[in-house]
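This report describes one protein chain, from its overall dimensions down to single residues. Please keep the sequence and the model in view while reading.

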Amino acid sequence: TDMYGNSDTSTQIITVIDNELPTISIGNIQVSNDAGKCGAVVNLGTPLTYDNCGIASITNNAPDFFPVGTTVITWTVTDASGNFDTTTQKITVIDNELPTIQIANITVNNTTDKCGASVDLGTPVTADNCGVVSVTNNAPSFFPVGTSLVIWTVTDKAGYTNTTIQSVTV
């Protein structure tokens, strides 16, 4: 309004821009494998988030099943203005299952003119949730008359071992 009483109006547009990033944090997790599986289904928990104008979404790239070892996932929080931030979470699944091993005992006749026998020990039945790396034994190449005990050892990918004893009677 001027000194003569004339007036005019105008509209001013004020735009407030939210340029403050939201925050997100979550802890790492360590679990044992699910029984009989080479990994685990893991409850990731809920990350702690904050934003001055409100959270629009929280997402992650986690698989449904985590293999034995460490998997790094990324969490993303997005606010109502489209600002976002990320954090990572390490999920470590430890294989705590021992491998298994079974083998039958053997009885054989001694070899003619020899006081003992060469014996085919057979192949043990082994299993492991993540896979067997090796199967070994302490058998001699020739078994004397009588009963000998053979120790079989199975080793899995995690380095765990299990043993069984096979009785060989000549």
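Which residues does Thr70 touch, not counting residues up to four places away in sequence? Thr70 touches Lys90, Ile91 and Thr92, where contact means heavy atoms within 4.5 Å. The model is predicted: local features need pLDDT of at least 70, side-chain atom pairs count only at pLDDT 80 or more, and totals for chains, interfaces and linings use all residues. Residues are numbered from 1 along each chain as its sequence is written, and side-chain values use heavy atoms, with hydrogens and water left out.

**Whole chain**

The protein chain contains zero helices and 16 strands. Both kinds of element are DSSP runs numbered from the N terminus, helices being H or I with at least four residues and strands being E with at least two. The C-alpha trace spans about 140 × 15 × 15 Å along its principal axes. Its radius of gyration is 34 Å, while a compact globule of 170 residues would have one near 15 Å. That radius is taken over C-alpha atoms, and the globule rule is 2.2 Å times the number of residues to the power 0.38.

Of the 170 residues, 29% count as buried, meaning under 20% relative accessible area (1.4 Å probe, protein chains only). The accessible surface of the chain comes to about 10,800 Å², and carbon and sulfur atoms account for 51% of that; areas come from the Shrake-Rupley method with a 1.4 Å probe. Among contacts between residues at least 6 apart in sequence, 57% join residues at least 24 apart.

There are 4 positive and 15 negative side chains, and the centres of the two sets lie 27 Å apart. Lys and Arg count as positive and Asp and Glu as negative, while His and the chain ends are not counted. Each charge is placed at NZ of Lys, CZ of Arg, CG of Asp or CD of Glu.

**Strand pairs**

Two strands pair if DSSP finds at least two bridges between them.

| Strands | Bridges |
|---|---|
| β5 (residues 55-60) and β7 (residues 69-79) | Five bridges |
| β7 and β8 (residues 84-94) | 10 bridges |
| β13 and β15 (residues 147-156) | Five bridges |

Thr59 stands opposite Thr76 in β7. Thr70, placed in β7, has Thr92 in β8 as its bridge partner. The C-alpha atoms of Thr70 and Val93 are separated by 6.4 Å, although these residues are 23 apart along the chain. The hairpin of β7 and β8 has four residues between the strands, and Gly82 takes a positive phi near 90° there.

**The sheet containing β15**

An open sheet of four strands has the order β10-β16-β15-β13, with mixed pairing. Its edge strands, β10 (106-107) and β13 (132-137), each pair on one side only. Thr136 has Thr153 of β15 as its bridge partner.

Trp152 lies in β15. Is Trp152 buried or exposed? Trp152 is buried, because its relative accessible area is 6%. Beyond its neighbours up to four places away, Trp152 touches residues including Ile101, Leu121, Pro124, Val135 and Asn162. Thr136 is also touched by Trp152, and the C-alpha atoms of these two residues, 16 apart along the chain, are separated by 5.7 Å.

Ser148 is buried, with a relative accessible area of 16%. Leaving aside neighbours within four places in sequence, Ser148 is in contact with Phe143, Gln166, Ser167 and Val168.

Terms used. Buried < 20%, exposed > 50% of the residue type's maximum accessible area, 1.4 Å probe, protein only.
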